[in-house]
Every structure is written in C-alpha cells, then in structure tokens.
Amino acid sequence: KSINDSYGHEMGDKALQVVSKFLTETVREGDTVTRQGGDEFQIIVADDAQLGTTMALAQKILAGLRKELVIDEQQITVTSSIGIAVSLTDGDSFEELVRNGDTALFRAKEIGRDNYAFFTERMDAEIRDKLAIQGQLRGAIARDEFEVHYQPQMCLKTGAMVGAEALLRWDNAVLGKVPPNRFIPLAEEYGLVNSIGEWVLESVVAQMKVWHDQGLGDIKVAVNLAAGQFANDATVPYVESTLRKFGVPAEFLGLEITEGTVMGDPNKAVAALRRLKDIGVSISLDDFGTGYSSLSYLKRFPIDVLKIDKSFVDDVTTNSADAAIALSVISLAHNLNMRVIAEGVETREQVQFLTERGCDEMQGYYFSRPVNADAFTALLRE
Ligand code: C2E
Ligand code: CA
Ligand code: CA
Ligand code: CA
C-alpha cells in the first residue's frame, strides 16, 4: 500500500508509474490495482483467493519492490509496507475494509518497513491485555493480592457440609478483580503457575490447621491443580511436606484435576496421582465429560470422585440430553466405586432431580457462593 524511497521520501510521479506497472504485472488476473493517493496503492484481491495466496502475493510485492528501480537512468531503492484486511472478518463495508487495511498498514510500518501485516484489532487488544496481566501477576504473591475462597460441598443424604472447594481470587490494584479463568491459563503460559499453586496449597493447609485447632476441621478441602503443576516433579513432595509442616492429615485434603491437567504426560500423572493416593489424598476429576478421552482416563487414573460439569447441570431438569448425561455419569461413577458430585447447582429443582437419581454430593450457588475464610468459618460454626 505504501511506498517510499529508502530515505523515507515520497516518490515522484515517474517512480510511481514504475511501481504501478510492476504491481499491475504482479497481481493475479481478476485482482485490481488502484492508486489510493500519494504513494499509496490499493489492491483488491479477487475473493476466491486463499489467505496463503494473499500472503504469497504480499511477499512477492515486497521482494519485487525491494530491488533497485531504474528511473531516468537513476537507480533508487524503495521499501514498501503492506496492510491486509480480509473482507469476511475485518469489515462489513468496503469503507471499513479500507480503514482496517490502513490500520494494518500502520502496524506494518511499526514492525519495520518492508513488511506486511494483517489487520488484527482484536489480537492487538488481547496482546496488550495479556501483557498487563503478566506484568502484574509476577509480583502478586509478594504484594499479597491473592486470597482463597471456599465453596461448600453438601452431602445429599445427610444434608451436611462435608467438604469445600478452594477457589483462588486475585484483586490487583491496577487491573481490579481478575477471574481465575483468565489469569490461571496465563500463569501457565508464563511459568508462574507452580509458585501460585504452591501459595494456594500452603494457604489452604494453613487454614485447615486453624479449623482443626478450633474443632471445625471435619471436612475435606479440595484444591485445584493446574497442568503445569503435574509437569513439575516437585509438586507431590510439596504436597507431602506442606501437610507434614502443618500437621494436617492427608485424608482431609482433596485435589481436583481435569483431563487437561494430566494430558501433557499421562504416565507421569498416573505415577504422581498414585503416590498422592497412597498417602491418603483423594482425587476428583473435574469438568468431567467436557474433554476428550474421559473413559480411558477413568480406567487408568486412581480417581475417587467424578464431578458432573456445570454445563450438564444447568439444564438437567429441562433438557433430556443433559439429564441422560448426568444419569450416565452417576451410574458410571457408582459402578467404578467412585462418588459423584454435581457442580454449579443453582435451583431447588436441580437439587431434587439429582438427589432422586443418586448423586452423592452437590456444590453451587444454591447452597453458597465461594466465600472468604472468615465467612466460611462462620458457615462451619452453624
Ligand atoms: P472449576 O474448578 O470448575 O470451579 C468451579 C467454578 O464454578 C468456580 O468459578 C465457581 O465459583 C463456579 N461456581 C460454583 N458454583 C456455581 C454456581 O452455582 N453457578 C455458577 N454460575 N458458577 C458456580 P471460579 O472460582 O471463577 O473458578 C473458575 C476456574 O478457575 C475453576 O473452575 C478452576 O479451573 C480455576 N481455578 C480457580 N482457582 C484455582 C486454583 O487455585 N488453582 C487452579 N489451578 N485453578 C483454579
Ligand atoms: Ca509514504
Ligand atoms: Ca474445580
Ligand atoms: Ca468444574
């Protein structure tokens, strides 16, 4: 779209004619070249072109113009920059498409001239967002910005609270409250998930010790494990040493994993889970049914509890497919000598439905939202 000589000067008419000729000869049949004004050209690539064709064309133009042009027996070197907007995704109208092509052109120049760039407004925003989270996440433990919340898990037979899930909360001065779904994957990406995971485990076990000392400790607390923690050989020893350090019996600790958590290296994960189980920690398989090879994992992994994912619970009373899935998970678990817990339970109808069908435990806003340690202590005293 934009051509300058190597000093950044705009080019004279003769040079533009040479460039214009080159472009016209270089594009495919069916494509059109127009001069947009100044030294900017617009190429409309025929709409049967694949992305790859367009990228190849961009490269061809960059390479072709990078050569020395001979104008009036004078050699000049030019560089060009290309912005690409794709009609289906980047603009509803032609005007918008051109505007977005200009944005991409700006970006191409930013990267350094002699480049092409696709329009990626969303990507740009996302990258900025990610960088901000990454920047803040590094110091979050040191600034004491994390807090663990606890959500009750209820036994349906007795109606008693038998457990809790520990859920991490992050309140940052710059970014505000960032949900764990957002920052945990980024922590994985940036290699911060092990230190965060260790912080969570230590806070939870320390809190359990407090509850035990107050005679309130008769519940199992489940901590979520991230994939990166399984890849780390230090995780299992860390769990053991943390329990020892606070003198909390392993039977009171649960760990929640997903298929994603163990997928990276299933053999290693099996070994790690066996060791955890040997010392008395119980394992729940979270988000069950939302991943890929659930059944083979069930066979290989020492799992104590299956969690019926919230997405099946939401419409369990009105959608027959969801109901069928929930029922299958319940009978599958029971046949494999596992317990079943439903998550995301919000209504009385869901409680009734799942209770009648033999679900063992439940967790959800119907009973309580996740609350901080003080509020949870009050629930334990009730
Ligand atoms: P998850 O393990 O599936 O946790 C359940 C999520 O459902 C939690 O969201 C919880 O607050 C929410 N929830 C529970 N009951 C209900 C309900 O009745 N209705 C609705 N709408 N939501 C309900 P949260 O706390 O935002 O956590 C999201 C995810 O972040 C978790 O999904 C888990 O994958 C991850 N996460 C949270 N804390 C940790 C942590 O300490 N370590 C790791 N590795 N991941 C964590
Ligand atoms: Ca220019
Ligand atoms: Ca969980
Ligand atoms: Ca879940």
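Residues are numbered from 1 along each chain as its sequence is written, and chains are lettered from A, with ligands numbered from 1, in the order in which they are written. In this predicted model, local features need a pLDDT of at least 70 and side-chain atom pairs count only at pLDDT 80 or more, whereas totals for chains, interfaces and linings use all residues.

The protein is divided into domain 1 (2-119) and domain 2 (130-381), with bounds that come from an automatic or database domain assignment. The C-alpha centres of domain 1 and domain 2 lie 53 Å apart. Separations between individual residues were also computed: the C-alpha atoms of glycine 37 and glutamate 145, which are 108 residues apart along the chain, are separated by 53 Å, and those of phenylalanine 94 and methionine 338, 244 residues apart in sequence, by 59 Å. For valine 27 and alanine 373, 346 residues apart along the chain, the C-alpha separation is 66 Å.

Secondary structure is given as DSSP runs numbered from the N terminus, with helices (H or I) of at least four residues and strands (E) of at least two. Two packed helices are described by the angle between their axes and the distance between the axes. The axes of helix 1 (residues 13-26) and helix 2 (residues 51-66) come within 11 Å and cross at roughly 145°, where axes are lines fitted to C-alpha atoms, for helices over the stretch in contact, and angles run from 0 to 180 degrees between N-to-C directions. Helix 1 passes helix 2 in a right-handed crossing; a crossing is right-handed if the near helix is turned clockwise from the far one by less than a right angle, and left-handed if anticlockwise. At this crossing, Val19, Phe22, Leu23 and Thr26 of helix 1 meet Lys60, Ile61, Gly64 and Leu65 of helix 2, contact being assigned if the C-beta atoms of two residues, placed from the backbone, lie within 7 Å. By class, the contact comprises five nonpolar, two polar and one charged residues, with Ala, Val, Leu, Ile, Met, Phe, Trp, Tyr, Cys and Pro counted as nonpolar, Asp, Glu, Lys and Arg as charged, and the others, Gly among them, as polar.

Burial was assigned from C-beta atoms placed from the backbone: a residue is buried if 20 or more other C-beta atoms lie within 10 Å of its own, exposed if 12 or fewer, and partly exposed in between. In the loop between helix 1 and strand 2 (32-37), valine 27 is partly exposed because 18 other C-beta atoms lie within 10 Å. Valine 27 touches Val33, Ile43 and Leu57, not counting residues up to four places away in sequence. Glycine 37, in strand 2, is exposed, with 8 other C-beta atoms within 10 Å. Phenylalanine 94, placed in helix 4 (residues 94-111), also counts as exposed, with 10 C-beta neighbours inside 10 Å.

A nonpolar core is a set of buried Ala, Val, Leu, Ile, Met, Phe, Trp, Tyr and Cys residues joined through C-beta atoms within 7 Å. Of the 66 residues in the largest nonpolar core, Ala166, Val204, Val221, Val223, Leu306 and Ile308 touch the most other members. Helix 7 (residues 193-213) gives the most to this core, with eight residues. Leaving aside neighbours within four places in sequence, valine 204 is in contact with Val148, Ala166, Val221 and Val223. Apart from this core lies another, of 20 residues, among them Ala15, Ile43, Leu65 and Phe119.

Glycine 163, in strand 8 (residues 161-172), is buried, with 22 other C-beta atoms within 10 Å. Beyond its neighbours within four places in sequence, glycine 163 is in contact with Gln153, Ile219, Lys220, Val221, Ala222 and Gly254. In helix 15 (residues 348-356), the buried residues are Gln350, Val351, Phe353 and Leu354, and these pack against helix 13 (310-313), helix 14 (320-335), strand 14 (339-342) and strand 15 (361-362).

Most residues other than glycine have a negative phi. Aspartate 287, however, has a positive phi of about 55° although it is not a glycine; this residue lies in strand 12 (residues 282-288) and is partly exposed, with 19 other C-beta atoms within 10 Å. Asparagine 337, in the loop between helix 14 and strand 14, likewise has a positive phi, of about 60°, and counts as exposed because it has 7 C-beta neighbours inside 10 Å. Just after helix 15, glycine 358 takes a positive phi of about 90°.
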